[in-house]
Amino acid sequence: MDLLKIKDPAFLKKMTIPEMEELSAEIRKFLIESTSVTGGHIGPNLGVVELTIALHHSFSSPRDKFIFDVGHQSYVHKILTGRADRFDTLRQHGGLDGFPKRKESEHDVFETGHSSTSLSAAAGMAIARDIKHEDYHVLPIIGDGALTGGMALEALNHIGDMGKEVIVILNDNNMSIAPNVGAMHNMLGKLRTSGKFKRAKKDVERAMKRIPQAGDRIANAAERIKDSIKYLLVQGTFFEEMGFTYLGPVNGHDYQDLITNFEFSKKVKGPTLIHVVTKKGKGYAPAETDKSGAWHGTGPYKIETGDFIKPVLAAAPWSEVISDTILELAKEDERIVAITPAMPVGSKLEKFAETFPDRFFDVGIAEQHAVTLAAGIAADGLKPFLAIYSTFLQRGYDQVVHDVARQNLSVLIGIDRAGLVGGDGETHQGVFDIAFLRSIPNMVIAMPKDENEAYHLIQTAHAFSGPFALRYPRGSGAGVVIEKDKATLPIGSWETLIEPVNAVILTFGTTIDMALSAAETLNKRGLGVGVVNARFIKPLDEKLLQTFLERKLAILTVEEAVLAGGFGSSVLEFAEEQGALDALIHRIGLPDEFISHGSVDLLLKENGISREAIERKLEEMLGYFGKLEAN
């Protein structure tokens, strides 16, 4: 079949199982070839080929609502709904999104980039359906890793209580981004091996019905006996106790098994959960045998060998720089513990986990719990380091406010992937954390310009009493030598890199280099532009900033984050508080909109964050000053 000509999944309803098996092989080949060029979430998608085809065979999208959770396993769905011809643009600027996208297709009914949201969305759709007296199926497809999220359990509880007809597809591949943890994971493991229960249940039913005359009556009365057998043989009645009809485990690569259970689920009244067991990465040996999580999402790779085509890095990744420094400190201070919500690989905490297994805690996809766990540990005198992506810290906001900052607890929050992240797009851009943290009392926010400054900011945070948020970007550091002298930096202190004469650029982290380059160009023309490394985003270096206001310097703030409520806003607020209402202050940063996917460099330029944009703005500002002086 020519996958590029697929426009609608309706053709699957007429397919035989052998034909669907042939289609599975074609789709796997297509996925492996296309993502080898663009990169993407290849492992999760190879695992759901049969599952997705069978869903479209038994149900009718978009009338029936498919909600993929986390959403990175929706590539097969995209192919079957007419988007294969755009896969060469996957995760590229202006191209196909790596997650479900409502504006892309009517078959993408809900957007999911963060995990554990599908069940709540499904509950909402089922409520809307019933209020409107419509008739369609709602099918959240959620992974076993995502089921560890508290939000998913809240939704399960609500759906079970309402009794709404929702068909939950639990895609159990026994592997999320990192090895799954927790009691839910262990329970699913027991369910996977519960074939003996299904056999025993059928044996009991057959035996009862063989009893002459009274067989059916005794069989009906024997439900308690069968329940007892269930409790005896399967420690996994959790879903049925929650109000769901549990079907499974189902072989997620067996069309007959999948379709039989899907068709049966249509006849069940109330909520149903179908437990489908799949193999992540199925059909491509490097992905199928992966235990490290490397094949969850990749860049380009060589198909023949599975070797990743990695860019040449000048230095270690930022995540590794930070985690190595934390590990070094932990060897000296046994109070230090490390916490991650399911991101030990991404946050480079494997070495910490190996060195101090009793002081490392992967809590699964449970950001709220991770933050308050850190608060509880800090409340008893230890020094927790919480490594969490900026985009996922959003999910723990109340806990940062209520449990960490309000109690002024010494939690070091390592905000990984701060700033633009590229291919993962809108749902993963780490651009809001400054704005949502800056308003919180007791909170210190900092961002280093290089590895050496990061080392000393961590020393500073370790010595500090109170919450400390350290931002660092995706990608590699600057490659500078770290001076391991244990020196700390005064809280709120900035660093003057070029002494200002007429104007000053206030910036930090990833935008330092472009500011220096712009200043160098402008200063060759005698414009007297200074650059300050505003490494403490909160608190500001009020003493230095006050001198700039008194000297009537033109001030330009630059940040790789949203302007609304950001660092530049805090500078404007300070000027207003000081009565410097005539100060000339301009800001460069990200607009009040969600930033799509694409390379970071391209996205920065598109949104006016570049050396050229800084030069133009300063020329404009200094020209305005010149006019004032002339008058």
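## A look around N607 and the rest of the chain

N607 touches G589, L590, P591, E593 and I595, leaving out residues up to four places away in sequence; contact here means heavy atoms within 4.5 Å. This is a predicted model, where local features need pLDDT of at least 70 and side-chain atom pairs count only at pLDDT 80 or more, while totals for chains, interfaces and linings use all residues. Residues are numbered from 1 along each chain as its sequence is written, and side-chain values use heavy atoms, with hydrogens and water left out.

Back to N607, which sits in the loop between α24 (600–606) and α25 (611–630). Helices (H or I, at least four residues) and strands (E, at least two) are DSSP runs, numbered from the N terminus. N607 counts as buried because its relative accessible area is 14%, and the cut-offs are under 20% for buried, over 50% for exposed and partly exposed in between (1.4 Å probe, protein chains only). Its side chain also reaches the backbone oxygen of L603 at 2.8 Å.

Now for the whole chain, in a few numbers:

| Item | Value |
|---|---|
| Helices and strands | 25 helices and 17 strands |
| Buried residues | 58% of 631 residues |
| Contacts joining residues at least 24 apart, among those at least 6 apart in sequence | 77% |

On to the insides. A nonpolar core is a set of buried Ala, Val, Leu, Ile, Met, Phe, Trp, Tyr and Cys residues joined through side-chain atoms within 4.5 Å. The largest one has 79 residues, and F352, L437, W494 and L506 touch the most other members. Take L506: setting aside neighbours within four places in sequence, its contacts include W494, V532, F548, I555 and F567. A second, separate core of 45 residues includes L31, V76, L80 and Y284.

V76 and L80 are also among the buried residues of helix α4. That helix (residues 75–83) is mostly covered, with nine of its nine residues buried. Those residues pack against α1 (17–38), α2 (42–47), α3 (49–58) and β1 (65–69).

How confident is the predictor? The chain's mean pLDDT (confidence in each residue, from 0 to 100) is 90, and 88% of its residues reach 70 or more. Over residues 228–236, though, pLDDT stays under 50, and the model has 18 contacts beyond four places in sequence for that stretch.

Note on methods
Polar contact = N/O pair within 3.5 Å; in protein donor to acceptor, adjacent residues only side chain to side chain. pLDDT = per-residue confidence, 0-100.
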